[in-house]
Amino acid sequence: MTNIQEIFKTSNVAVITGGASGIGLAAAKYFAGRGMSVTIADLGGDRLADAANELKAIGGEENVMAVETDVASRDSLEALERAVLQRFGRVHVLMNNAGIGPETSIFSPQANWDNILAVNLMGVINGTRTFGPKMLSHGEPGLIINTGSKQGITTPPGNPAYNISKAGVKVFTEALQHELRNTEGGKISAHLLIPGFVFTGLTKGDRAEKPAAAWTPEQTVDFMVESLERGDFYILCPDNDVARLVDERRMAWAAGDIIENRPPLSRWHKDYADKFKAFLEQK
């Protein structure tokens, strides 16, 4: 089991994509508060600059860097890595967190599909493949945390491109951890963050105030750290509305569609509504 106290410490370095807001910024603040050097990568100059100033107030100007980065571009990610290594020397925590969520349907415009897959899936893959080799080679303990989604596991109707992107993040991160744990001498582990309902720019819509059902980004990061301390790979976050048992049964039902040869997405199929309700409520 990785001792995260050896990782979240002064002089170590964290890089967070999508770090200018939401879960990414909350994580960056946590790392800065532990004395780490922190680089946040995001789009949006003013928003990124404001986030960097918040972090500098916590960790000091010399320990914070903000780099405008488009995770959909491998070239942009490689430029980010060069900037981090030039400034801080090495990376101990990589959090591939950048994500977008424009609505899609199966036949919606190609641009929405391309953008979601480029950011949510290829951003994680290319972020890992860009930073991972040097993280392994420096020989010190470290973490790669990839932000997935429950929608990548239960794949509900409504936004197929988003679901596919997050399902891909799950599969990629599982394969990554398998490879890392079988790398001789390797001290890097991978972890899949699976947030619940979190009040962020991606989820708030027109709401100005956090709904009672949602967690804050800070609550999510606190749960993430507790899970990492236990050595969890799957960091399955609850929220104020959905308990872990409910999540587990929703996920078990989704897998059961294959095992029981039910129609796909039977949880939302009118012929299975009562069966799913009974399954969810069983003692």
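**Close-ups of a predicted model**

**View 1. A patch of negative charge sits on the surface.** Four acidic residues, Glu218, Asp222, Glu226 and Glu229, gather here in a surface patch of negative charge. Keep in mind that this is a predicted model. Glu229 belongs to helix H7, which covers residues 217-230. How accessible is Glu229, in relative terms? Its relative accessible area comes to 40%, so Glu229 counts as partly exposed. Patch members need over 30% relative accessible area and no salt bridge.

**View 2. Ala14 is tucked away in strand E1.** Strand E1 spans residues 13-17, and Ala14 is part of it. Is Ala14 buried or exposed? Ala14 is buried, because its relative accessible area is 0% and anything under 20% gets that label. Leaving aside residues up to four places away in sequence, Ala14 touches Phe31, Met36, Ser37, Val38, Thr39 and Val93. Take Met36 from that set of contacts: Ala14 and Met36 are 22 residues apart in sequence, yet their C-alpha atoms are 6.8 Å apart in space.

**View 3. Thr154 is buried in helix H5.** Look for Thr154 in helix H5, made up of residues 151-154. Why does Thr154 count as buried? The reason is its relative accessibility of 10%, since the cut-off for buried is under 20%. Which residues does Thr154 touch, once those up to four places away in sequence are not counted? They are Arg250, Met251, Ala254, Leu265, Arg267 and Trp268.

Terms used. Residues are numbered from 1 along each chain as its sequence is written. This is a predicted model: local features need pLDDT of at least 70, side-chain atom pairs count only at pLDDT 80 or more; totals for chains, interfaces and linings use all residues. Side-chain values use heavy atoms; hydrogens and water are left out. Patches are made of residues with over 30% relative accessible area and no salt bridge: like charges are joined within 9 Å, nonpolar side chains (Val, Leu, Ile, Met, Phe, Trp, Tyr) within 5 Å. Accessible areas come from the Shrake-Rupley method with a 1.4 Å probe; for residues, only the protein chains shown count as cover. A salt bridge is a side-chain nitrogen of Lys or Arg within 4 Å of a carboxyl oxygen of Asp or Glu. Lys and Arg count as positive and Asp and Glu as negative; His and the chain ends are not counted. The place of a charge is taken as NZ of Lys, CZ of Arg, CG of Asp or CD of Glu. Helices (H or I, at least four residues) and strands (E, at least two) are DSSP runs, numbered from the N terminus. Buried means under 20% relative accessible area, exposed over 50%, partly exposed in between (1.4 Å probe, protein chains only). Contact means heavy atoms within 4.5 Å.
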